[in-house]
Structures are given as structure tokens and as C-alpha cells.
Amino acid sequence: MRHIISILLENEAGALSHVAGLFSARGYNIESLTVAPTEDPSLSRMTLVTSGSDDIIEQIIKQLNKLVDTVRLIDLTEGPHIEREMLLVKVRAEGGGTREEIKRVADIFRGRIIDVTDTTYTIELTGAWGKLDAFLDTLHRPLILEVVRSGVSGISRGEKVLQA
């Protein structure tokens, strides 16, 4: 099962490598990873997506809590949450019919065409990972030239917060 784990870490050199090392040493996979400073300059917030059985996720959470750099963490998938990811995709856009079809699909998914050349469009799309996957599946594979994804950012809904 897919889990989104949000971690408050001390904003120090090596904190990211400790987390990556933990996953690597135990053979766990990180599907997505984002990290950035918080409103408190001494802390960073890391959001990682991983998959595994309940036992594996429990072990990952226990091991992450043992890291010196970890201040606090939460498994966002245990409750209501909001997740977003940004996608940039460059597609081949030659010929009037193809260009119009790409614009139509981008509009349906609420994407924005942010760069246009004679032969390509670059589209920006934000949403949950499933929406982004569905958008890519809707485009004809030969049209896709390049894909860049930001990784998941997530936050709990309502009053629940992740603070030090």
C-alpha cells in the first residue's frame, strides 16, 4: 500500500542522506521525495512516498523516529489529507489537429501550456498523483518528449498539524 510520510527534520547538512541511507540499507524504495525549509529556518519538512505492507511501514516509521535529525513525523495516509504534485511535460505538437487535441486535453485536466514553439508545447499540471498519471495516459505516448515531476507535497486536513 502507498504511504505518504511527512517528516520535520533539523535543517542541517546530512539529514537527507541519513534518511536515504536508512531506506537503502534496509532495501526499501522511495517513490517520491521532496524537501524544503519550513517557516522555522532551523527545520526542514520532508515528504516521502513509499509502498509496503503495514509491517514494513511500521518499521520504516520506527526507524525514521530513531534518526537524530528527526523532530517529528506523521503518516498522512492514516487520515484525511491533501496531496499535490507538479508535472511538466513537453509534447510534440505539429499540425493543427494535434495542437488542438493537446490543448483540449490540457484544458480538461486544468493544465496550462507554459511554452510554445513551432513543434512543441510544454504543459504544467498540478494535482494528486492519480490525476497526473491519468493525464499522461490520455496523451498519445509518441507525442511525449520529456516528463518532469516534482514529487508529492502533502498536508493534513483540518486542525491536525505537524509542528516541533
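Leaving aside its neighbours within four places in sequence, which residues is Leu139 in contact with? Four of them: Val89, Val91, Val105 and Ile144. One caution before I go on. This is a predicted model.

Now the core. Leu139 belongs to the largest nonpolar core, which has 17 residues. Seven members touch the most others: Leu87, Val89, Val91, Ile102, Ile123, Phe135 and Leu139. Where do the residues come from? Strand β5 (81-92), helix α3, strand β7 (120-127) and helix α4 each give this core at least two.

On to the aromatics. A pair of rings is described by two things: the distance of the centres and the angle of the planes. The count here is 2 aromatic pairs. Take Phe23 and Tyr28. Their ring centres are 6.1 Å apart, and the planes sit at 80°. Over 60 degrees counts as edge-to-face, so that is what this pair is. Phe23 is buried, at 2% relative accessible area. Tyr28 is partly exposed, at 22%; the cut-off for buried is under 20%.

The other pair is Phe109 with Phe135. Centres 5.3 Å apart, planes at 70°, so again edge-to-face. This pair links distant parts of the chain, 26 residues apart. Phe109 is in the loop between α3 (96-108) and β6 (112-116). Phe135 is in helix α4, residues 129-138. Both Phe109 and Phe135 are buried.

Conventions
Residues are numbered from 1 along each chain as its sequence is written. This is a predicted model: local features need pLDDT of at least 70, side-chain atom pairs count only at pLDDT 80 or more; totals for chains, interfaces and linings use all residues. Side-chain values use heavy atoms; hydrogens and water are left out. Rings of Phe, Tyr and Trp (its six-membered ring) pair if their centres lie within 6.5 Å; planes under 30 degrees apart count as stacked, over 60 as edge-to-face and the rest as tilted. Buried means under 20% relative accessible area, exposed over 50%, partly exposed in between (1.4 Å probe, protein chains only). Helices (H or I, at least four residues) and strands (E, at least two) are DSSP runs, numbered from the N terminus. A nonpolar core is a set of buried Ala, Val, Leu, Ile, Met, Phe, Trp, Tyr and Cys residues joined through side-chain atoms within 4.5 Å. Contact means heavy atoms within 4.5 Å.
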